[in-house]
Amino acid sequence: PDKTAKCWGSNTFGMATPPEGVRFSSIAAGSSQTCGIVEEDSSIVCWGKTDTGSPPEDQYLSVSVGEYHACAVRKSNNTAVCWGLDHYGQRNAPKRVRFS
């Protein structure tokens with residue numbers, strides 16, 4: 001497999017139009033955006049409705065996407081970081097919890 005993203009379904013905000021030629025180790029889709037971990041450097045690229053924020057530059061193990069926010073686990077220390085809207089505390093990832 002070439003590991004490029006193939007998306008389908010609603011494309012209202014461009015969330016079903018992934019960047020061309022980028023190889024991903026994993027992707028996650030929400031209702032208005034999609035994010036993927038870039039295979040080459042473990043960074044995160046998001047597409048769709050991304051005006052609510054973007055991930056900090058880092059290397060990541062995993063990513064999960066909600067309606068207007070996303071969270072990821074950092075490769076360096078297995079802690080979570082979240083970005084996007086924060087109406088219900090979505091960006092408040094636990095500080096001392098390590099994820100695997």
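This is a predicted model: local features need pLDDT of at least 70, side-chain atom pairs count only at pLDDT 80 or more; totals for chains, interfaces and linings use all residues.

Trainee: What does the secondary structure of the chain come to, and in what order do the elements run from the N terminus?

Mentor: The chain has zero helices and six strands. From the N terminus on, the elements run β-β-β-β-β-β.

Trainee: How does the radius of gyration of the chain relate to that of a compact globule?

Mentor: One sets the value against a rule based on the number of residues. For 100 residues, a compact globule would have a radius of gyration near 13 Å, and the chain agrees because its own value is 13 Å. Along the principal axes, the C-alpha atoms fill a box of roughly 35 × 30 × 20 Å. As for the surface, the chain exposes about 6100 Å², of which carbon and sulfur atoms supply 49%. Of the 100 residues, 36% count as buried.

Trainee: In what order do β4, β5 and β6 form their sheet?

Mentor: These three strands form an open sheet in the order β4-β5-β6, and the pairing is antiparallel. The edge positions belong to β4 (60-65) and β6 (80-84), each with a single partner strand, so one side of each is left without a neighbour in the sheet. The twist in this sheet averages 20° from one strand to the next. β4 pairs with β5 (residues 69-74) over five bridges, and five bridges also join β5 to β6.

Trainee: How many residues of β6 are buried, and which lie on each side?

Mentor: The general idea is that side chains in a regular strand alternate between the two faces of the sheet. In β6, five of the five residues are buried, so this strand is largely enclosed by the rest of the structure. Both faces are covered: Ala80, Cys82 and Gly84 are buried on one side, and Val81 and Trp83 are buried on the other.

Trainee: Let us turn to the loops. Is Ser32 buried or exposed?

Mentor: One reads the relative accessible area, with under 20% counting as buried. Ser32 has a value of 1% and is therefore buried. Its place is in the loop between β1 (24-29) and β2 (33-38). A polar atom of the Ser32 side chain lies 2.5 Å from the backbone oxygen of Glu67. Leaving aside residues up to four places away in sequence, Ser32 touches Phe13, Met15, Gly48, Lys49, Glu67 and Tyr68.

Trainee: Which residue takes a positive phi in the hairpin of β5 and β6?

Mentor: In that hairpin, which has five residues between the strands, Asn78 has a positive phi near 60°. Asn78 is partly exposed, with a relative accessible area of 22%. Another residue other than glycine with a positive phi is Ser42, with a value near 65°. Ser42 lies in the loop between β2 and β3 and is buried, since its relative accessible area is 12%.

Trainee: With which side chain does that of Ser43 make a polar contact?

Mentor: The side chain of Ser43 makes a polar contact with the side chain of Asp41, at 2.7 Å. Ser43 lies in the loop between β2 and β3 (44-48). Not counting residues up to four places away in sequence, Ser43 touches Gly36, Ile37, Val38, Asp58 and Tyr60.

Note on methods:
Residues are numbered from 1 along each chain as its sequence is written. Side-chain values use heavy atoms; hydrogens and water are left out. Helices (H or I, at least four residues) and strands (E, at least two) are DSSP runs, numbered from the N terminus. Buried means under 20% relative accessible area, exposed over 50%, partly exposed in between (1.4 Å probe, protein chains only). A polar contact is a pair of N or O atoms within 3.5 Å; within protein, one must be able to donate a hydrogen and the other to accept it, and residues adjacent in sequence count only if both atoms are side-chain atoms. Contact means heavy atoms within 4.5 Å. Two strands pair if DSSP finds at least two bridges between them. Axes are lines fitted to C-alpha atoms, for helices over the stretch in contact, and angles run from 0 to 180 degrees between N-to-C directions. The radius of gyration is taken over C-alpha atoms; the globule rule is 2.2 Å times the number of residues to the power 0.38. Accessible areas come from the Shrake-Rupley method with a 1.4 Å probe; for residues, only the protein chains shown count as cover.
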